[in-house]
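Trainee: I would like to go through this model with you and ask, for each label, what it rests on.
Mentor: Then let us take the labels one by one and set each value beside its definition.

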Amino acid sequence: MNLKERMEMKTTLDKVTKGQKFIIDQLPDDDYKLQLIRFGIAEGEKVTCLDKILGGTIILKKNRLEIALGSELAKRIKVTMLN
Amino acid sequence: MHNTPRSTKSMIDFKKVVLAGNPNVGKSLIFNHLSGMYVEVSNFPGTTVSITSAWYKNYNVFDTPGIYGVSSFNDEEKVAKEIILQGDIILSVVNALNLERDLFLTLQLIDMGKKVSVILNMMDEVRKHKLVINSKKLSELLGVEVYETSALKGEGLENLEDAIKKARQGKEDKFVKEKLNLVKNEIQDQAEALLFLEGDREIQKKYSHIKLPIEDIREEIYIHRRNRVKEIVDQVESIDTPGGLFFSKLGRMALNPWTGIPILLVILTLIYFFIGDLVAQRLVDLTENTIGKGLIEFNIKKLVALEIPNEIEVTVLDEEDNLIENKTFVFEKGISGDKKKFEEFENFIKDKNTELNFVFKNPFVEFFFGEFGVITMTMTYLFFLLLPLVTSFYFTLALLEDSGYLPRLAALADRTFTKLGLNGKAIIPIILGFGCVTMATITTRMLGTEREKTIATALLQFVIPCSAQLAVITVLLSAAGPQAILIYVLTILTILILTSTILDKIVPGHSSPLILDLPLMSFPDLKNTIRKTYYRTLSFMKEATPLFFLGTAIIGFLNITGLINIWINVLEPLTTKVLQLPKESAVAFIMGMIRRDFGAAGLFHMDLSTYQIVVALVTITLFVPCIASFLVMIKERGLKIGLIIWAGTWIFAFTIGGILSHILM
């Protein structure tokens, strides 16, 4: 895998599409970080995008847990896509 | 605890048992089982979050708001945290279907060094989903007792007493223990020590002399705990058949706009038929007019009028509420002083559609029992209009909540509300506003930040017409024709967008993003729904009643002192010149301050052109909220913001009304 391909896989959470799996690289550095970690959305975790609602709200799935995230917050979460 | 119910028991050494758990884990069902009939509902000191407590044997049992962890991210968490800190025994109620989410809190409670027992609830659902949970193993890993229950079906509840008795300290995380040693000497209480390390702001303030790099530690602890949850879940849970169930499909459909919006429309239609038609029209007509005014208020006033000089003004209306005739019966010495005339009066009103108004010469009597009588009007308003309306709204809300639909609706609406400077959760107070703005203003508490609460409150007070007002508006508009409806709807929508854009710019602070857990959808449990409705309605009535009395007292005072006429005179040029409406409409606007529908209803008897109707309705929609919601707003948002919003509605309503009037006419 060359450098360019690697770069393309790195993106922010608002860019993922329905059904995509990805790894959380970096969470925003504030209170929301802890709230996300509580739900198991921590750095290094593998998460699936279950759905993306028109307008950008992201529905994440981690095991049986489903979490809705506002698009503004999603923009601040860095991820690496897996497929 | 701050409030100790039943002082007789406070002498004995009783233990405080606290129920803690994530939202929607069936915590309240467990609490209901323990509490029986006698439940105390009170506001937690210094906050607006209500807590329930009860006695079970010699234990004082406390219910807490649903939380994902012990911390201070919002009011509910702060309250739950306080109660947990003071608890002797914690029953950690866990949704067995959601171990991955729920065990975080359980582990945190154990790390706090509290005596804990785990109530593994919703085991029937676990079986339905063909999941297997090894609760023995779970108990071993956590170091505390684990009890399987299905609170909905009443299974396993007989073990709750055992759970309380056998509660004990569990196995703390080794990593957390190490970190706790850092502050062991400064903070004696392990629970406080843990919260200090986890960066809880209130606890940190208490021990502000201790300097430690908390940011890194709290994150490390959280991640560590998360990983431990995962390890535990991997060991105790097996076989998962994902999806395939009707409800998970429905849950998915509720999120997709193509199916979600039709689902929302179906739900709104059902709500409309239930609340808007059945309750707000038919039931309230019966309770307010027939029982409240016709029976109770009439008889109270008649009783007062027996010996006290009065006049009874009778307005006879036809079936469409058009005026047929007016007649006044004067009783110089009270009704018992002129029995013959009273018989005449009774014969006159017999079998007619009438509105009666008792006028008392004595201002004191008029103040309490007259047209805006503090006693008579408040009673009818509170118990025969508001009570049925609010009950039905809270019932619907509880149904939607327990079914797991609301979080999905919030997710669906998130984008739209982000544009208004809010997040998707705000759809709940806004929808409630169409029922009762007063109630909706109280519900804005659920929003994340002060800024969001202010924006949502302002939107409610400015733009959202409550059901009482909506009913009158609908009747007037449909009579005025499709063009009027179109202009009205477009104007209000434009103003909604305009107001929210302005508010988004001027209200300081920041709005919180949506982070919402989507629970599985399921059929709500009716018993629990009813109980929830009961407690919420009770707490609403408790809060609203004094404010309604105060509001009516103010109006009554303005009325008997004649100040209300001065106000009407001040308003008159505004209505005639700016809005180009007949001068009597000033009265309608002033009446609208008492009750929003009074205002709109006042327009019924006026001879208005189509455009005048539109102008009047737009102005009245935007105009000041009813006195009750004004007072609730002051209570919730403070005097300054409350008055700014209130004054804003005056300026806004007449400016927009004036512009519209001069464009149209």
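Trainee: Where is Met122(B) found, and why is Met122(B) called buried?
Mentor: Met122(B) sits in the loop between β6 (115-121) and α4 (123-128) of chain B, where helices (H or I, at least four residues) and strands (E, at least two) are DSSP runs numbered from the N terminus. A residue is buried if 20 or more other C-beta atoms, placed from the backbone, lie within 10 Å of its own, exposed if 12 or fewer, and partly exposed in between; Met122(B) has 27 other C-beta atoms within 10 Å, so it is buried. Its phi is positive, about 65°, although Met122(B) is not a glycine.

Trainee: What kind of model is this, and how are residues and chains labelled?
Mentor: It is a predicted model, in which local features need pLDDT of at least 70 and side-chain atom pairs count only at pLDDT 80 or more, while totals for chains, interfaces and linings use all residues. Residues are numbered from 1 along each chain as its sequence is written, and chains are lettered from A and ligands numbered from 1 in the order in which they are written.

Trainee: What makes Asp351(B) buried or exposed?
Mentor: Asp351(B) has 6 C-beta neighbours inside 10 Å and therefore counts as exposed. Asp351(B) lies in the loop between α13 (339-349) and β13 (353-360) of chain B, and has a positive phi of about 60° without being a glycine.

Trainee: Why does Cys436(B) count as buried, and which residues is Cys436(B) in contact with?
Mentor: Cys436(B) counts as buried because it has 26 C-beta neighbours inside 10 Å. Two residues are in contact if their C-beta atoms lie within 7 Å, and, leaving aside neighbours within four places in sequence, Cys436(B) is in contact with Leu386(B), Leu389(B), Val390(B), Phe393(B), Cys466(B) and Ser467(B). Cys436(B) belongs to the loop between α17 (427-433) and α18 (437-443) of chain B.

Trainee: How do you know that chain B is as compact as a globular protein of its length?
Mentor: The radius of gyration is taken over C-alpha atoms, and the globule rule is 2.2 Å times the number of residues to the power 0.38. For 665 residues the rule gives 26 Å, and chain B has 29 Å, which is close, so chain B is as compact as a globular protein of that length. Chain B has 28 helices and 14 strands, and 46% of its 665 residues count as buried.

Trainee: What makes the largest set of nonpolar residues a core?
Mentor: A nonpolar core is a set of buried Ala, Val, Leu, Ile, Met, Phe, Trp, Tyr and Cys residues joined through C-beta atoms within 7 Å. The largest such core has 199 residues, and those with the most contacts inside it are Ala411(B) and Leu617(B). Helix α15 (residues 376-403) of chain B gives the most to this core, 14 residues.

Trainee: How do you know that β5 of chain A and β14(B) pair?
Mentor: Two strands pair if DSSP finds at least two bridges between them, and strand β5 (residues 65-69) of chain A and β14(B) have 3 bridges, in the antiparallel sense. Within β14(B), Asp517(B) is the bridge partner of Ile67(A).

Trainee: How many residues does each chain give to the contact?
Mentor: Chain B gives 28 residues and chain A gives 28 residues. On the side of chain B that touches chain A, the largest share, 6 residues, comes from α16(B).
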